[in-house]
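Please read the points below with the model open beside you, and turn to each residue as it comes up.

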Amino acid sequence: MRSLLFVPGDSPRKMEKASTSGADALILDLEDSVSPSRKAEAREHVAKFVAGAERTFPAPRLIVRVNALDTGLTDDDLTAVIGARPDAVLLPKAGSGADIQDLGARIAVVEAEAGLSDGCVLIHALMTETAAGLLQAGSFAGKSKRLSALAWGAEDLAADIGATSNKDESGHYTDVFTMARSLTLLAAAQSGVEAVDTVFTDFRDMQALKLECQAAVRDGFSGKMAIHPDQVPVINAAFTPAAEDVERAIKILALFAAAGPDAGVLSLEGKMIDKPHLRQAERIARRAGLDPATLPAMEDVDGE
Ligand code: COA
Ligand code: MG
């Protein structure tokens, strides 16, 4: 997923508008963008929207951000929305891998009650919104098969640590926040899940957004969260891999597929390729939205 657009869950108008934004995923929010007095109403709007939405590709994937586990609101959120079968639940303020296990168990119960197959609703987590989550970055791996993406957030972390700003005078993230960003990349790699870059809040400044996207692509993020529909095309363009990179990734995947599971080092166009190249090729193919089943047969690939 390249772009993941946040939409306040209490706004059916914005949900409709978001559907045609071109975003790869919508994050239907029940948390911070919805005031406490509107949570119940927002749950109903989100459940109705998910139940009625077009779900086949290229329709956006639907992710529901629930309230954090320590709010006492999470179970009511899950009960209201899981039956509509969102693709994933986004957990804010995840404090450790144990929170992922906890959420996974809660989802399993509601999934079963709704007659859905076990594990069909995935988990995404915001893992840097609290000091605890950051310090436990290594604990997210291997806790739940549902975990499919880790994202970072800078606003809540500033509040948690008492920072008056997350950026310095020249607009760059300060140390703690660049560390949060780096730990998200590392934790996602360790877990074998997608790393998702944080929102860019100045939603009128497209040039600065573009630069932040380019840095995110360079550093290994597979997508970025958005807060405004105008940000979506900029994010999609930045995270769509170049045609020649996709072509090369397809060649690498085909070479490894033909070489079988014991493949070690191979060569392509006079250059050595090994496992890290394969992983990189897989990432590029995923970002290009390729289905491995459609990859070319080996004879179409010009190996050496
Ligand atoms: N999803 C869908 N539609 C959105 C949208 C979003 N995230 N943000 C704006 N729009 C719509 C507006 O409703 C408006 O539609 P309209 O012309 O039909 O009324 C249009 O896009 C233009 O919006 P604009 O006037 O430029 O912005 P705004 O002042 O209405 O909204 C925000 C600004 C920040 C309030 C809004 O972008 C927003 O709600 N963002 C998401 C916030 C969020 O979910 N935060 C939680 C995670 S950090
Ligand atoms: Mg928040």
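This is a predicted model: local features need pLDDT of at least 70, side-chain atom pairs count only at pLDDT 80 or more; totals for chains, interfaces and linings use all residues.

1. Residues are numbered from 1 along each chain as its sequence is written, chains are lettered from A and ligands numbered from 1 in the order in which they are written, and side-chain values use heavy atoms, with hydrogens and water left out.

2. Which residues are the protein donors of the magnesium ion (ligand 2)? They are Asp32 (OD) and Asp156 (OD), lying 2.1 Å from the ion, where donors are N, O and S atoms within 2.8 Å of the metal (3.2 Å for Na, K and Ca), and sites may look incomplete because water is not among the atoms. The pair links distant parts of the chain, 124 residues apart, with aspartate 32 in the loop between strand E2 (25-29) and helix H2 (39-52) and aspartate 156 in helix H6 (residues 155-161). Helices (H or I, at least four residues) and strands (E, at least two) are DSSP runs, numbered from the N terminus. Aspartate 32 has a relative accessible area of 47% and is therefore partly exposed, given that buried means under 20%, exposed means over 50%, and partly exposed lies in between (1.4 Å probe, protein chains only).

3. The structure holds 20 salt bridges, a salt bridge being a side-chain nitrogen of Lys or Arg within 4 Å of a carboxyl oxygen of Asp or Glu. One of them joins arginine 38 to aspartate 10, with the closest N and O atoms 2.7 Å apart. Arginine 38 lies in the loop between E2 and H2, and aspartate 10 in the loop between strand E1 (3-8) and helix H1 (12-19), so this pair ties together parts that are 28 residues apart in sequence. Arginine 38 is partly exposed, with a relative accessible area of 30%, whereas aspartate 10 counts as buried because its relative accessibility is 14%.

4. Are aspartate 197 and lysine 224 buried or exposed? Both residues are buried, and their side chains meet in a salt bridge (3.0 Å, N to O). This pair also links distant parts of the chain, 27 residues apart, since aspartate 197 is in strand E7 (residues 194-197) and lysine 224 is in strand E8 (residues 223-226).

5. Lysine 251 forms a salt bridge with glutamate 269, and their closest N and O atoms are 2.7 Å apart. The two are 18 residues apart, lysine 251 in helix H10 (residues 243-259) and glutamate 269 in the loop between E9 and E10. Salt bridges that share partners also join Asp29, Glu31, Asp32, Arg65, Lys93 and Asp156 into one network.

6. Helix H8 (residues 206-219) has 14 residues and reaches 20 Å from its first C-alpha to its last, close to the 20 Å expected at 1.5 Å a residue, where the expected span is 1.5 Å times one less than the number of residues. In H8, Leu209, Glu212, Cys213 and Ala216 are buried. Seen down the axis, the buried residues of H8 fall within an arc of 105°, so they line one face of the helix; the arc is that of the directions from the helix axis to the C-beta atoms. Leu211 and Arg218, on the other side of H8, are exposed.

7. Some backbone angles deserve a look, because most residues other than glycine have a negative phi, and most peptide bonds are trans. The peptide bond from phenylalanine 57 to proline 58 is cis, with omega near 10°, and proline 58 lies in the loop between H2 and strand E3 (61-65). Arginine 85, in the loop between helix H3 (74-81) and strand E4 (88-91), has a positive phi near 60°. Glutamate 269 has a positive phi near 50°, and with 40% relative accessibility glutamate 269 counts as partly exposed.

8. On the surface, Ile161, Val176 and Met179 form a nonpolar patch with about 230 Å² of accessible area together. Patches are made of residues with over 30% relative accessible area and no salt bridge, like charges being joined within 9 Å and nonpolar side chains (Val, Leu, Ile, Met, Phe, Trp, Tyr) within 5 Å; the areas come from the Shrake-Rupley method with a 1.4 Å probe, and for residues only the protein chains shown count as cover. Valine 176 lies in helix H7 (residues 175-191) and counts as partly exposed because its relative accessibility is 32%.
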